[in-house]
Structures are given as C-alpha cells and as structure tokens.
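Please look at the structure first.

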Amino acid sequence: MSVLLLTPDEGFGTRVRSALGPDTTVELADADVIDEDPRFAIPTIMTQHASAQVVVVGPDIGVQHALDYAHEFDLQRPDVSVILCVPASADVLSEALHAGVRDVVDPLAGDERILEAYKRATEAAARARSKSTVEERNDRGSTVIAVASPKGGSGKTTIATNLAVGLAAAAPGQVAIVDLDLQFGDVATALQLMPEHSIADAARTVASLDAMSLKVLLTHHPIDLYALCAPDSPADGERITAAQTAEVLRLVQREFRYVVIDTTAGLGEQTLVALEAATDFVLICAMDVPGVRSFRTTLITLDEIGLTAAPRHIVLTRADARVGLNVEDIERTIGRPIDVTVPSTRAVPLSMNQGMPILQTEQRRSAVHQALTRLTGRFVDLPSSGAIAQPRRWRRRR
Ligand SMILES: Nc1ncnc2c1ncn2[C@@H]1O[C@H](COP(=O)(O)OP(=O)(O)O)[C@@H](O)[C@H]1O
Ligand SMILES: [Mg+2]
C-alpha cells in the first residue's frame, strides 16, 4: 500500500511516515507540479506515483487549491481516495464532502488521527476497485462492458470472448456479446458460431426491433450465451451508423444482465458509442513500447472527452518477461496500476483457431486461465471452486 502526499511540507511527510509505520510507503509529489492547475497536474503526478491509492492533499497548499484538487480527483480518478489536510471550517467540510473527499484532517492532528483517516481511506479505495461497486451498479440495471484498445491485434477479441464465456458460466442465458468490429469482426470465429444474422440486420430494422425480433437476430452458443455477430461483408458494416449502433445497444442492454462489447482498434465513432453505453471499460494494453504509449494517450483522451464515470479495468495482455518491458515500467508510464495481467501463451491462438475460448477449456491451472478467471471475477461472483464449468454441465443445467 502506498500513500501520496501533495504538500511542500517535508516535515509533514516525516510525521505521516512515523504515524503509518514501515509497511506503508509514503511518497511526496514534486512541489513544482503541485502548484500547477490540478486538471493538468493530476495526470503528471499519478503517472509518477502510479501505485498510490490514497492521496493526502495539503497542508500548506491553500484551501481553495486543495479543494480544486479534490474536485479534479473526483472527476479524473474516482478510484483514488482523497484526504484533505487543511484547517476545516463548515464551508470547507461541505465543499469537501461534495467533492467526494474521504476525510478532512487538521494539519496539526496527531499520529492516531492520521492513521485512522488513512485506514478508512484505504478501505474506501479498495471498495471502489472491487466488486461491491459493481454489485451496486448491477442493482441499477445491467452491466455493460466495453472492451477497447488503441491497437489492433492486442487481444481485444480474446478478452471479450473469454469474458463473455466466463460471465455466461455464472449467469447462463443472461449474457450477450456484441461484435462492434463491424468490418472484420471475429467473435463468431472465436466462438465457433455460424450466424444467420448480424448486427447489420439489427441496424437496418432498428426502428421496429423489439425483444422478440432482437432474439431472432442473435446467435445462440451452446453454453447459453447470445452473440450479435458482425456482418460477413465489410461493406455491410460500413453502412451501419453510430446512431443505429447506439439504439441496438440500448435494446440489447434492456434484455441482458451482462453485455460484453468487442470493438475495433482506436477510438473511432463506433467505439465511442460503445464506451458511452458502457458501465465498465476493459482497456487492453499491449506489452510493447508503441502499445504502451498509445494506451497512455488513450487514457488521457478518455479523460479529455469526459468519459470518466465508468470504472476502468486495465488489462495487460500478451505479457512476456522477455520483451524488455516490465509491469512496473508500464504502470509508471500509463499512470495507473495494471488490474489483470494475461500472459502470452500459444494456448491463446490455439484456442481461437479452435473456436473454444480458454475459459471453456480444462486448463484451470494454467496462468492464462487463472488471469481470465480473475478478470471475470471483477464483474461477478464465481462458483466457490473458482473454476468455470464445462460445456456439458452447462447444457444439463439449462
Ligand atoms: N495472451 C496472448 N498470448 C498469445 N497470443 C495472444 C494473446 N492474446 C491474443 N493473442 C493472439 O493475438 C492475435 C490477436 O488477438 P485478438 O484477440 O484477435 O486481438 P484484437 O481483437 O485486439 O485484434 C490472435 O492471433 C490471438 O490469438
Ligand atoms: Mg478483434
């Protein structure tokens, strides 16, 4: 666990260190950067201190500046817990509360108070990153997971199809996967499906589409998963408008508890529609320098265009220790911790060529199976064995 202090007061750093003990890493942000406009300072600071989940703002940075930080953290990084360390008046408290601040601690507070505030903030940060928030969202409706990445070939389809299979094991009949790689979508291939209809048919008829006619256009997978596949011809995909896609997604979302959306590389119009519809982003970072760079740009762009509300699940795919990059370097560059690392293994292309996602196979002990199970577990409670059942058992349950 690590805590980041936004203060020019090094003496305060020493006090926090002694209050929190040797197990907690206490980092101090660069004093020059702290003075800048929080809107631009936060991405820089959080890049330099990627593992910080609790941030203490203050003392000695000015109450208004501290509150601006609080507001901006709330917008840019809802996963981070903020503690304000400023003299607290009623006005400050009410504005701090508004900005989602976890606690306001007096700059002269003793060790015990600092420790208590830190403990609570850490718990809140952990909650924000765990299933409980997902469950809260489920109460409001379905979970819509958009899988996106700046680069092609990074593993979006692999992740999306495995996620759909994993979710379907926990919620049979309640999961749909939508292929928004409209020109060269390969969800059908990855799942060994022979679709009779595609999203092009749904788009064409969207004005008159209802639950019944939608189901006709979906392709059913034997594990009780539904797929809205991409059209055969790229020209048909080209004709689908963003407005039609938005409407189709709305209909699918109404009928299913979980919707997984596979997308095409980059942040094109159709992918933005997917992200706007999504309650969760699964963002795929490939393990090479161009991949990591473009991933970082993608995170910044999502912030700039205001797509900040949905939790971001960061997945590093095709991870391989031999390519000269390590996870810590990547986390530092992108300014975020990696949530799930999927190793690079031949089993993945093999599984895709066979049309049988890894989570549908028996290799439960393999690192890649476990990584994909962990990713699925971010959205749903898995059976206590942690394992995902085989197709035959699924069929029987139906
Ligand atoms: N973890 C992995 N290890 C090895 N190969 C992988 C891994 N993930 C994806 N691949 C392979 O990389 C290629 C591209 O993956 P895919 O999921 O189709 O990416 P995208 O949908 O982003 O274009 C495929 O051949 C796939 O089998
Ligand atoms: Mg793909």
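## A β-α-β unit around β3

Strand β3, helix α4 and strand β4 make a right-handed β-α-β unit. Right-handed means that, with the strands pointing away from the viewer, the path from the first strand over the helix to the second runs clockwise. Helices (H or I, at least four residues) and strands (E, at least two) are DSSP runs, numbered from the N terminus.

This is a predicted model: local features need pLDDT of at least 70, side-chain atom pairs count only at pLDDT 80 or more, and totals for chains, interfaces and linings use all residues. Residues are numbered from 1 along each chain as written, chains are lettered from A and ligands numbered from 1 in written order, and side-chain values use heavy atoms, leaving out hydrogens and water.

## The five-stranded sheet

The open sheet has five strands in the order β2-β1-β3-β4-β5, with parallel pairing. Its edge strands are β2 (25-28) and β5 (103-104), each pairing on one side only. Two strands pair if DSSP finds at least two bridges between them.

Strand β3 (residues 54-57) runs parallel to β4 (residues 81-84), joined by four bridges. V55 has V82 as its bridge partner in β4, and V54 has S81. Four bridges also join β1 to β3, again in parallel. There, L4 is partnered with V55 of β3.

Which residues of β3 are buried? V54 and V56 on one side, and V55 and V57 on the other, are all buried, so both faces are covered. Buried means under 20% relative accessible area, exposed over 50%, partly exposed in between (1.4 Å probe, protein chains only).

## Helices across the sheet

Helix α1 (residues 10-20) lies across β1 (2-6), β2 and β3, at about 170° to β2. Helix α4 (residues 63-76) lies across β1, β3 and β4, at about 170° to β4. Axes are lines fitted to C-alpha atoms, for helices over the stretch in contact; angles run from 0 to 180 degrees between N-to-C directions.

β12, α16 and β13 make another right-handed β-α-β unit. Strands β12 (residues 312-319) and β13 pair in the parallel sense over three bridges. V315 has V340 as its bridge partner in β13.

Helices α15 (residues 289-304) and α16 (residues 327-334) pack at about 35°, with axes 9 Å apart. V292, F295, R296 and L299 in α15 meet I330, T333 and I334 in α16; contact means heavy atoms within 4.5 Å.
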